[in-house]
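Q: Could you walk me through how to read salt bridges, cavities and pockets in a model like this one?

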Amino acid sequence: MLYGASYYAEYQPVRRVEEDLRLMVEAGFTVIRLGESTWASYEPEEGEISFEALAEVVDRAYELGLAVVLGTPSYAVPPWLSRRYPEVMATTAGGSTLPYGARQNLDFTNPVYRRHVERIVRAMAERFGAHPGVIAWQVDNEIGVHELAGPALVDRFRQWVLDHVGTVEEINARWGLDYWSHRLTTIDDLWAPVGNTNPGYALEWGRFQESLTVEFVSWQRDLLRSILPEGVPVVHDVVAGDSLAATGPRAISEALDHTATNIYFPMQDALALPDPDPSLTQGLGPWWLLDRTASTMAWRADTAYSLRGPRGSSFWVTEAQAGTIGEHATNAPPYPGQLKLVAHSLLARGADLLAYWHWHTLHYGAETYWQGVLGHDLEPGRIFAEVSDIGAELRRLEPVVAGLVPDADVAVLASRDSLRALQFLPPLQIPGTDRPDPHSYHRILMRCYDAALGAGAQVRIVHPDSDWSGQSVLVVPALYIADDALLERLVAHARSGAHVIVTFRTGYADEWSRVRATRAPGVLREAVGASYQEFTTLTRPVPLSGGHPVTDESSTGEGWADVLTTEGAEVVAGYEHPFLERAAAITSNEVGAGRMTWVGTLPDAGTMTRLIGWALAERDVTPAAAVWQDVPESVRVSSATTPAGSTLWFVANHSWEGVEVAAPDLAGRSVTDAVTGRGLGGSLTLAAWESRVLVSAPGSP
């Protein structure tokens, strides 16, 4: 694993390149990330470009053995560009033009902006393209913050819709534009997004916005490739997880040479297991982070692994926190040991580069309190010491972990189209209110993901066009947007021997966000063995009944209820409610050699965990980590397989309490510490927040 941090010598209150680079080497760094944030330093006036200060860092880093990932500075522009060419500023979907003073506030489709970007990128590539210390290039940074909607782009969208749909009449039919008299006579009648209320329009507008981000980073990729030596990789760092609204994370990863992602999540007690009361973790992360549990980290990494290739591939973490994240009123540096726990978790899930954002904490600017490896005093402290310990360990681990593939017991299907559609038409309410929750899809997906982890399984995130073969348990959260072929694929996967679990809202609309005019769940009805015509909001949890092992006296359904009528399926759970008692809440049906289970409500976490545990047992799938028996509830075990066939075990204690974990029974095969080479013996003792990497020989479970 490459290991390092972002570094901005320009931001330091004093010039101290030699001291900073010396400390980085001392910390065990092997790579630094430079350049993407400081265009004005390179071109203070139009056409006056100099990279001498940057070259000092690149040259000295190379001399000290530090590789460089160099970023193109297109996402944050110098003031003169906005002042002289105001047309480069973005007009958003809300109809307003963004002012200067932030970042990612440009219309990256604007030809004037592109001309200036090309000049600075070309000059940078010509200056550093052949430099032996520059091992990769990053284009732009976290693209997709704003939806772009200037007049020229609305015109482009009109043509985009025609190209994708075919004719104006077909647009009218697919979007149902007879409603509210929105029927188009010509494509010029298609309105700007600021006034839109049509779901089909919203879905296609989101797809269009994603295409713009992919087109822009691909344009920079091609520009660089025309100058760089052959084989130098080009990446773009997407925001991990659901990513930004206008970003096309999968298409960007596929278009470039490697997945790169920026992963942030709360630490301190937010990393504890079992999950603490949410009221205790709410203040540990900035407002823009949705989740505050230990699974957040794992989900973001598993999603990153899924972005490139039909089965996923390794990825770079171009940004991760070394200390507290961002907000001056939210200060939560990691507890001792948590940085290594995070590094191990990311490594276990396929990360092959880990870079902190950033080296030194800023003394000014919007991110003054986003803590780096060094604090405001620029002196090595506790964080530096822990980061250095990780660096030393990674050097020893490198020959063991190179090329690992994360194990996977359960696949969870993530649909970006469904995410977008259910932001427009949320099925759930914000808890405690009567307002629709735009994060409904995320809530449903994370309930499924958390439950898989709770069942002791590791998760492979898959997508509608992924390769699911070999996944005996496939969980499908709220696949609202799906064409018939995708739904038939789910059925075929079950018929071939898998247990496919689908939740409410799956298959309700087609690929144009048009509700199917058949009894739900439409294409899935026969395979599910149940149907429904009604559904209802649940304003409070409703107890779930039934003698199935999935339910117990604490089982509830939350937020939503399909009023299911069975048509051959087994009832796994019913509702204890006077209106809903005639209906099933969860059903399961044998399909060919497999099974389809329909989840008509949002079960509580425990019930969802038991449901996935039952599916694993029912398909005779033993999670890889199950060989570690009687594991304390504060401990999470992850595993991966090396190219040589060895099993790597990542065992982490998410607690302040020290624990002892019994060694696994591997039929006589030994388990050794991957760092020290010592045998495990009969048990493993873990201190507070301690994480260990172990290895068992080929042939071990």
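A: Let's start with a network of salt bridges that links E204, R207, E210, R416, D417 and R420. A salt bridge here is a side-chain nitrogen of Lys or Arg within 4 Å of a carboxyl oxygen of Asp or Glu. Keep in mind that this is a predicted model, where local features need pLDDT of at least 70, side-chain atom pairs count only at pLDDT 80 or more, and totals for chains, interfaces and linings use all residues. Residues are numbered from 1 along each chain as its sequence is written, and side-chain values use heavy atoms, with hydrogens and water left out.

Q: Which residue forms a salt bridge with R416, and how far apart are the closest N and O atoms?
A: The partner of R416 is E210, with the closest N and O atoms 2.5 Å apart. R416 belongs to helix α13 (residues 416-424) and E210 to helix α8 (residues 199-225), so this pair ties together parts that are 206 residues apart in sequence. Helices (H or I, at least four residues) and strands (E, at least two) are DSSP runs, numbered from the N terminus.

Q: Where does R420 come in, and is it buried or exposed?
A: R420 meets E210 in a salt bridge of 2.3 Å, N to O. Since E210 lies in helix α8 and R420 in helix α13, this pair ties together parts that are 210 residues apart in sequence. Both E210 and R420 are buried, and for E210 the relative accessible area is 16%. The scale is this: buried means under 20% relative accessible area, exposed over 50%, and partly exposed in between (1.4 Å probe, protein chains only).

Q: How should I read the pockets, and what lines the second largest pocket?
A: On a 1 Å grid over the protein atoms alone, a pocket is an open set of points with protein on both sides within 12 Å along at least five of seven lines, while a cavity is a set where a 1.4 Å probe fits but cannot get out; lining residues have an atom within 4 Å of a point. Grid points are joined across faces, edges and corners, and a volume is the space filled by probe spheres set on the points. The second largest pocket has a volume of about 760 Å³. Its lining has 34 residues, with R250, S415, R416, D417 and P464 closest to its centre. Helix α8 gives the largest share, five residues. By class the lining has 15 nonpolar, seven polar and twelve charged residues; Ala, Val, Leu, Ile, Met, Phe, Trp, Tyr, Cys and Pro count as nonpolar, Asp, Glu, Lys and Arg as charged, and the others, Gly among them, as polar.

Q: How many cavities of 30 Å³ or more are there?
A: The search finds nine. The largest cavity holds about 120 Å³ of space, and S345, R349, S638, A652 and H654 are nearest its centre among 15 lining residues. Helix α11 gives the most to that lining, four residues.
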